[in-house]
Amino acid sequence: MSSGQDQAILAVHVRGIDGMCVGCRVWWSRLAPYPCWQVDWATSRQARTITTRFLEGVR
Ligand SMILES: [Zn+2]
């Protein structure tokens, strides 16, 4: 299980000066308001990973 893909997405999909996602414009030539669905996806995956680590640490 790797989080490299999540970090790559979060590194590219950043908020532009106009409030739109830079990564979506560069990668998909698409205008999407930030945070786009890919940022949502990556952050939710990271949150789940952190939660799992936290629960394992408690146990
Ligand atoms: Zn995006």
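Helix α1 (residues 4-12) and helix α3 (residues 37-58) have axes that come within 9 Å and cross at roughly 140°. That angle makes α1 oblique to α3, since oblique is what's left once under 35 degrees (roughly parallel), over 145 (roughly antiparallel) and 65 to 115 (roughly perpendicular) are taken out. This is a predicted model, so local features need pLDDT of at least 70 and side-chain atom pairs count only at pLDDT 80 or more, while totals for chains, interfaces and linings use all residues. Residues are numbered from 1 along each chain as its sequence is written.

**Where the helices meet**
- On the α1 side, D6, I9 and L10 make the contact, with contact meaning C-beta atoms, placed from the backbone, within 7 Å.
- On the α3 side, the partners are Q38, V39, A42, R45 and Q46.
- By class, this contact has 4 nonpolar, 2 polar and 2 charged residues.

**A look at L10**
- L10 sits in helix α1.
- L10 counts as partly exposed because it has 17 C-beta neighbours inside 10 Å; 20 or more would be buried, and 12 or fewer exposed.
- Leaving aside neighbours within four places in sequence, L10 is in contact with V39 and A42.
- L10 and P35 are 25 residues apart in sequence, and their C-alpha atoms are 10.0 Å apart in space.

- V39 touches L10, H13 and Y34, not counting residues up to four places away in sequence.

Key: Contact = placed C-beta atoms within 7 Å. Axes fitted to C-alpha atoms, helices over the stretch in contact; angles between N-to-C directions. Helix = DSSP H or I, 4+ residues; strand = E, 2+ residues; numbered from the N terminus. Nonpolar A, V, L, I, M, F, W, Y, C, P; charged D, E, K, R; others polar.
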